[in-house]
Amino acid sequence: MDLERKRIVLGLTGGVACYKAAELTRGLVKAGATVQVVMTNAATHFITPVTMQALSGRTVYTDQWDARIANNMPHIDLTRDADAIVIAPCSADFMFKLAHGACDDLLSTLCVARPMTVPLLVAPAMNVEMWQNPATQRNATQLRFDGIHILGPDAGEQACGETGMGRMLEPEQLLEEIIASFRNKVLTSKRVLITAGPTFEPIDPVRGITNLSSGKMGYAIARAAREAGAEVTLVSGPTALSTPFGVHRINVQTAQQMYDVVMSRAPSQDIFIAVAAVADWRVANASVQKLKKNEAGDVPQLQFEQNPDILAAVAALKDKPYCVGFAAESENLLEYGEAKRKRKGIPLLVGNIGHQTFGKDENELVLFDDAGNKRLARADKHDLARQLVSEIAGRL
Ligand code: CTP
């Protein structure tokens, strides 16, 4: 589990977005974290401590003078074994308090009393005008300067009926950010370009040829690279997956479109990871109009032409990024994998052990490079993606 043995203090301050903190608590607990909820008095007007207690499975604290804490020092007791403190939602008023080191309630006091080794993450949630107010912006700058991580906010429709910046991030986005905050930043300031998913080659306006790639491995690598601090662009064929938080996604359909997007960006990248299952051929005589049956029962005669090899083209660039390829072979992986690495002219090739990995949540990999090969044991695609990211970072 992503947050196994992590102890998180989740602070709620006054705001409608408190309802999202309930979902966030569920996500944190499901990811293995112990969640200790602390609420300001204002937060209890939006959601009850009873709800938060039921979801976290722990007593919720709201008061500095809570006699249930034996030594009456909740601000110390609740922070000494914490791995992170997350304030979600964080109101404009609470940002002001944090920026000034206020200690006038339990939550603000424990933020000030936390050891500086305990990261503090805040998810602002407020009306657009409140967010844009120079005082709030001044406080946000001060928080960043003090090493506090500001998550979001997002733009969109607000509970008050107005639209703009100030919406709290969604619970699943916050969860991704919290998980990412515990990862080693081995790709800080690196630019990573990734292809993922299948391609779709049209036969006519309503039909086409595609493959069974789900995109899961490529998306997991995009997420892992972002967690490691990289700036990630994901060029994706058609998939049903949602974009990992903080990743820039460009949708394409055909191999040619994927090639065009990748070639326009590759020279400015540090790393290129080709995970997409790119169609080797496209229909040369695709029809502009929908093909119709005729009474004679004639069947269409499709002709094919070869698609460009995106990975080989990037690897042949003068200013090439560090190139990583994938290979799905149905036999002789060790032999074909190394041969494919050489043919494509790349330093690292990742082979899927067993070719029936499409759509599955688990995978087993073997890495080929100049030093030989190395197996990454069967694991969840997210775990493997993280291992692969550290392997790549170690080779840069
Ligand atoms: N690839 C690519 N462009 C293509 C075909 C493949 O960028 N037109 C990339 C894939 O994303 C993968 C690697 O090349 O990283 C290997 O893909 P694979 O389909 O296994 O290899 P092919 O070169 O197509 O060779 P073959 O199908 O004959 O094994």
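This report looks at the cysteines and at one pair of helices in a predicted model.

## Cysteines without partners

Let's begin with the cysteines. A disulfide is a covalent bond between the sulfur atoms of two cysteines. In this model the count of disulfides is zero. To be counted, two cysteine sulfur atoms would have to lie within 2.5 Å.

Take C103: the closest cysteine sulfur belongs to C111 and is 9.2 Å away, which is too far for a bond. For C111, the closest cysteine sulfur is that of C90, and at 8.2 Å this is also too far for a bond.

## Buried or exposed?

C103 has a relative accessibility of 45%, so it counts as partly exposed. C111 is buried, because its relative accessible area is 2%.

## Where helix 4 meets helix 7

Now for the helices. Helix 4 covers residues 92-100 and helix 7 covers residues 134-145. Their axes come within 9 Å and cross at roughly 45°, so the two helices are oblique to each other. The crossing of helix 4 with helix 7 is left-handed.

On the helix 4 side, the contact is made by A92, M95, F96, L98, A99 and H100. Helix 7 contributes T136, N139, A140, Q142 and L143. What kinds of residues make up this contact between helix 4 and helix 7? Seven are nonpolar and four are polar, while none is charged.

Conventions
Residues numbered from 1 in each chain as written. Predicted model: local features only at pLDDT ≥ 70, side-chain atom pairs only at ≥ 80, totals over all residues. Heavy atoms only, no water. Buried < 20%, exposed > 50% of the residue type's maximum accessible area, 1.4 Å probe, protein only. Axes fitted to C-alpha atoms, helices over the stretch in contact; angles between N-to-C directions. Helix = DSSP H or I, 4+ residues; strand = E, 2+ residues; numbered from the N terminus. Parallel < 35°, antiparallel > 145°, perpendicular 65-115°, else oblique. Left-handed = near helix turned anticlockwise from the far one by under 90°. Contact = heavy atoms within 4.5 Å. Nonpolar A, V, L, I, M, F, W, Y, C, P; charged D, E, K, R; others polar.
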